[in-house]
Each structure stands twice: as structure tokens, then as C-alpha cells.
Amino acid sequence: MVPPDPAVTVVAPVSQGPGTGLRHVAAIDIGSNSIHLLIAAVDPELRSFRLVLAEKSSTRLGERDPETGDLTPEAIERAFIALRHCRQLAESHGVEQILTAATSAVREAPNGRLFVQAVQEQLGLDVDLVSGQEEARLIYLGVLSGMAFGDTPHLILDIGGGSTELILADGADARELTSTRIGAVRLQRDFIREDPMPAARLTFLRAFIQGSLEPAVERVKRQLRPGEVPVMVGTSGTATALAALVASEQERTPLRLQGFRMSREQINQQVNRLTTLTPEQRRSLPAINERRAEIIVPGALVLQQAMAMLQAGEMVISERALREGLIVDWMLRHDLIVDRFAYQSSIRRRTVLQLAQRYGVVQARADRVAQHALSLYDRCRGVLHHDEGEGRQLLWAAAMLHASGQHINIGAYHKHSWYLIRHGDLLGYSETEQLMVAAIARYHRRSLPKKRHEAWLLLPGREQRRTVNAMAMLLRLAASLDRRPTPAVAGLRIACSTSELSIGLDAASPLDLSLERWSLQGCAEPLAEATGVRLLVESDSR
């Protein structure tokens with residue numbers, strides 16, 4: 001009996017806030033290289049989910065018998081140990097259903113159906129033996145749940161152990177779903193006898209990959225409309241491993257790879273270097289694990305060839321794929337997502353509200369602050385800011401999350417808010433945008449940005465700092481009006497010129513607003529220091 005490789009487990013922080021109506025669901029992905037478990041908490045009200053636990057065990061089912069093609073007894077034993085572990089973890093979290101899917105290694109093995117039957121009989125897990133196209137569809141749903149597509153077509157490349165899925169999709173639907181029988185484990189097993197490969201063998205493998213990918217590439221190209229330039233998205237182990245290698249050489253390593261961008265030139269540099277290294281040298285690379293080091297070369301060659309054939313200049317990483325797709329598909333089947341397009345187009349809003357809920361933010365108060373901040377944004381354009389629209393979305397997100405730090409401590413809560421937003425899972429936002437949202441929340445009170453502040457130093461450029469400065473000042477003004485648990489200010493009367501900002505307050509009910517005027521007047525000094533504009537607070541409401 002061969003034990004599985006040590007599992008890698010990631011557990012999300014336990015929510016202390018609202019969410020008693022959460023429904024817990026588990027998804028198991030039986031792949032050619034690994035078995036992955038994901039446990040999600042689905043919020044029926046927000047129509048979204050967050051990851052509670054993610055675990056991976058290397059089981060190497062794709063290393064099949066070279067003569068018969070069967071799953072080997074050793075691989076089956078490793079898979080059963082991992083699946084039993086997954087079931088126990090899922091049950092301990094009180095999930096209402098365990099969704100289990102098996103992909104190319106199991107569906108192609110002559111004894112694959114016997115394996116599925118044994119899993120059902122011995123472990124009580126109903127395994128869905130998904131086709132290549134169904135696998136591609138689930139990958140699309142998974143990526144869709146964590147990345148805002150807008151109106152732009154996206155090419156999704158998922159290189160697994162036994163197959164490669166290439167998908168052309170937009171926010172409304174998948175235009176083309178393809179699956180090709182080449183993968184990192186399969187190519188390693190069938191082609192690599194010497195490592196590193198001799199030049200002639202490497203050339204032969206590149207040609208084989210190109211020939212294998214041609215039908216899928218041609219299919220997706222035919223579905224592109226004239227003038228469309230799709231965004232290339234990479235998912236799963238090979239893409240994330242290459243991204244980790246690229247990121248490790250940057251001056252500032254990103255906290256997460258979701259949304260990370262790498263150019264074709266950077267990818268080519270990494271792939272060309274990997275093909276010259278021995279397995280021992282690849283294992284010594286800090287950005288990839290030992291098992292990935294064994295199979296990264298053939299997977300990287302597939303990725304490199306696909307980008308060249310599709311003439312893609314860069315790739316964006318999605319950390320969501322088939323497992324998350326199983327969760328989204330379950331939500332669709334249980335009417336928790338009615339309109340897939342509306343669901344996809346609201347990713348940024350849902351992920352902000354979900355994070356606010358997790359940290360106990362009172363949404364009604366956050367909504368009022370956001371409303372005041374956006375009113376100031378709209379009326380002070382060209383004076384307090386020169387933003388073209390992107391900053392408005394970041395301002396809304398920061399307004400909704402600015403009080404999240406109170407979940408840790410009331411004292412200096414703006415600093416805690418920065419930390420929580422910085423390290424939170426804000427899907428649909430790039431890392432730079434997430435840093436900007438966090439910084440806007442950080443500077444909504446107390447001191448203005450200083451060069452020594454980490455929140456300021458992490459912003460990548462002058463333009464981002466200018467936007468943060470402006471949006472944080474608008475949020476400072478708006479948050480100063482939120483002094484009571486119940487609504488006090490119904491609306492703002494705003495007049496803005498190059499030298500003066502005049503704000504009058506309309507009461508929500510017959511109420512003395514002297515507290516809010518005093519609080520707003522406290523913003524006069526930082527406003528003058530940051531912008532040179534004088535603040536005039538009108539003495540009473542009309």
C-alpha cells in the first residue's frame with residue numbers, strides 16, 4: 001500500500017459575522033495528477049460563495065499501466081486514501097452535498113468505470129465521469145466566478161495532467177469548448193526519456209504539441225469576430241507554476257496569483273530556461289513544489305505553443321477553475337443563480353459585500369457613506385479629482401469596507417481595514433486595484449499619506465497614488481458625516497470651485513446636525529493641505 005504525497009491544505013479564516021443562512025457544499029476534482037477538495041460556504045442572499053477549505057493530494061492517477069492503459073493498483077490505493085480523507089473533511093464541515101468529478105485519467109482508462117463504481121460502493125461518493133467538453137464547461141464557470149469578463153472575449157487555457165482545455169467565452173456564454181488529449185503527465189510519460197531532453201527530442205515534442213493543438217485553435221479562431229482581441233487566461237498547475245516563477249523574480253512578489261499578468265516574453269524566458277535544467281535543479285526552484293518540478297516542462301511547452309499559435313501577448317492568471325465550476329454549476333441547478341450574465345457582471349459588487357459581511361460591517365451605514373462619497377465624486381470632478389471613472393468603482397468599494405478594521409479593534413481601525421482589505425479575497429479586482437482600495441480605506445481618517453507608510457509604498461506608480469489621494473479625501477469627507485447608528489444626513493448640497501468646496505447638509509428628520517457639521521469641519525485642514533481647496537460648511541439646512 002503506497003501512501004499519498006503529503007497533502008497541501010489551505011483553511012480560510014472563520015467568519016464571526018452574519019451568515020447563519022449559509023449552505024456548505026464540497027467539490028472533489030479527481031485529476032490525472034492530483035485530487036483536489038474544495039469546501040464552499042454559499043450565501044443564498046448574496047448569491048455568492050466563499051472558500052472555507054482547499055486541499056490537494058498528489059495521487060498521480062495519470063501514471064497508468066504502459067501496456068494496458070489501466071489505472072494501476074498503486075495509484076488506485078493512493079486515490080482511495082485521499083478520497084476517504086476528503087469525505088471525512090467534508091462531513092466534518094456539515095456539507096449538504098459532495099460534488100465529485102473525474103477527468104481524463106479516469107475517463108480514458110479501461111478500468112475507469114470500475115474505479116468509479118468502487119468509489120461509490122466503498123466510500124459512498126457519486127463520481128461524475130465528465131467528458132472533455134463538460135470539463136471545459138465547468139472550467140469556464142469556475143473562471144467566470146472570479147474574473148470580470150465585461151464585453152471582452154476571453155481565451156481560457158487549462159493544462160491538466162491528461163488533457164488541455166481551450167475555451168473561448170465572454171460574460172454571456174461560452175462560444176467554443178474544446179478538449180485535447182495532451183497534458184503534463186501524459187506528455188512526460190510518453191515522450192521524455194532523458195531529462196533535460198536533447199535538442200532533437202525537444203523539437204519533435206514541440207511539433208507534436210503544435211499538431212495536437214491545431215484543431216482546437218482553429219475552432220476557437222473561427223468563433224472570434226472581426227476586430228476582437230481576446231484576453232488570454234491561464235488556470236491550474238502549469239500556468240500558476242510559471243506565474244510563480246515569473247513573480248519570484250520581480251522586485252515585489254504579489255500576495256496572490258489571481259489576476260497576475262505575465263508577458264509572452266517572460267513566459268518564453270522561463271520555459272526556455274526550464275528545458276535546460278535537470279530534475280534536481282528544477283526541484284531546487286523555490287516557486288514550485290517537487291511534484292510540479294517533475295512535469296512542468298511538458299506542461300510549459302503546451303502553454304508556450306498555445307500562446308504562440310493564438311498570437312497572445314500576455315496571460316492573466318485565474319486561480320479558479322473546475323472545482324469552483326462545480327460549485328457554480330450546483331448553484332445554477334438550485335436556482336441560486338438565475339441569470340448567469342447578471343451573476344458574472346456583478347462579481348466585484350458581490351465580493352465586496354461578502355467581505356463586508358465577513359467582518360461585521362453594518363451595511364446600512366456603509367451604504368450611506370458610499371452614497372455621500374459618490375455624490376462628492378460626481379460634483380467635484382475636475383477640482384478634487386480628474387478621474388475618468390475607474391476611481392469611482394474603487395471609491396465605492398473602499399467606502400463599503402472602510403470600517404472593516406473595527407472587526408479587530410476600534411483603535412486605529414483604519415490601519416486594520418487596510419490590512420484586511422489588502423489580504424482579503426476581492427475577486428474581479430487586480431492586485432493593484434486591491435492595493436488601491438485598501439489604501440483609500442487606510443487614508444479616510446487621521447494622517448494623510450506619507451512616503452514611509454507601507455500602504456503608500458506598495459502602490460506601483462504615480463498615477464495610482466494620485467487616484468488614491470483624491471478618492472481617500474472624498475471618503476474622508478463622506479465618512480465624517482457617519483457619526484450616528486441611525487440615518488442623520490439625507491442629502492448633500494455641494495458647490496465646488498477651484499478654491500472652495502461648500503457643503504450643506506439636509507437632515508433625514510427634524511434633527512440638529514451640529515455634530516455632523518463639527519465632524520465635517522474637521523476635514524478642513526487635511527483638505528487644504530492636500531488640495532489647496534478651502535472647506536466651507538454651511539451653518540444650517542434649508
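Is E63 buried, partly exposed or exposed? E63 is partly exposed, with a relative accessible area of 33%; buried means under 20% relative accessible area, exposed over 50%, and partly exposed in between, with a 1.4 Å probe and protein chains only. The tour returns to this residue after a look at the whole model.

**Before selecting anything**

This is a predicted model, in which local features need pLDDT of at least 70, side-chain atom pairs count only at pLDDT 80 or more, and totals for chains, interfaces and linings use all residues. Residues are numbered from 1 along each chain as its sequence is written, and side-chain values use heavy atoms, with hydrogens and water left out.

**The whole chain**

Show the protein as a cartoon. It has 21 helices and 15 strands; these are DSSP runs numbered from the N terminus, helices being H or I of at least four residues and strands E of at least two. The C-alpha atoms fill a box of roughly 90 × 50 × 45 Å along the principal axes.

Of the 542 residues, 56% are buried. Among contacts between residues at least 6 apart in sequence, 70% join residues at least 24 apart, a contact being heavy atoms within 4.5 Å.

**Stop 1: E63 and R291**

Select E63 and R291. They form a salt bridge, with the closest N and O atoms 3.2 Å apart; the term stands for a side-chain nitrogen of Lys or Arg within 4 Å of a carboxyl oxygen of Asp or Glu. E63 lies in the loop between β4 (48-58) and α1 (73-92) and R291 in helix α10 (residues 290-310), so the pair ties together parts that are 228 residues apart in sequence. R291 counts as buried, at 9% relative accessibility. The structure holds 31 salt bridges. Side chains of opposite charge can pair when their charged atoms come close.

**Stop 2: D329 and R137**

Select D329 and R137 next. Their side chains meet in a salt bridge of 3.1 Å, N to O. D329 belongs to helix α11 (residues 322-333) and R137 to helix α4 (residues 132-144), and the two are 192 residues apart. D329 is buried at 11% relative accessibility, while R137 is partly exposed at 23%.

**Stop 3**

Select residues 184-191, which form helix α5. How many of its eight residues are buried? Six are, and the helix is mostly covered. The buried ones are A184, V185, R186, L187, Q188 and F191. Their cover includes α2 (104-108), β7 (154-159), α6 (199-222), α7 (236-248) and α10.

R189 and D190 form a salt bridge, their closest N and O atoms being 2.9 Å apart. R189 is partly exposed at 29% relative accessibility, and D190 is partly exposed at 34%.

Move on to P196, in the loop between α5 and α6. A cis peptide bond joins D195 and P196, with omega about 10°.

**Stop 4**

Select Q304 in helix α10. Q304 is buried, with a relative accessible area of 11%. Which residues does Q304 contact, leaving aside its neighbours within four places in sequence? They are R206, N268, V271 and N272.

Now select Q311, in the loop between α10 and β12 (314-318). Q311 is exposed, with a relative accessible area of 67%. Its phi is positive, about 55°, although Q311 is not a glycine. Most residues other than glycine have a negative phi, and most peptide bonds are trans.

**Stop 5: A412 and helix α16**

Select A412, in the loop between α15 and α16. A412 has a positive phi near 50° and is a residue other than glycine. At 27% relative accessibility, A412 is partly exposed.

Finish with helix α16 (residues 413-423), whose buried residues are Y413, H414, S417, W418, L420, I421 and R422. To see what covers them, show helices including α15 (390-401), α17 (431-442) and α18 (454-457).
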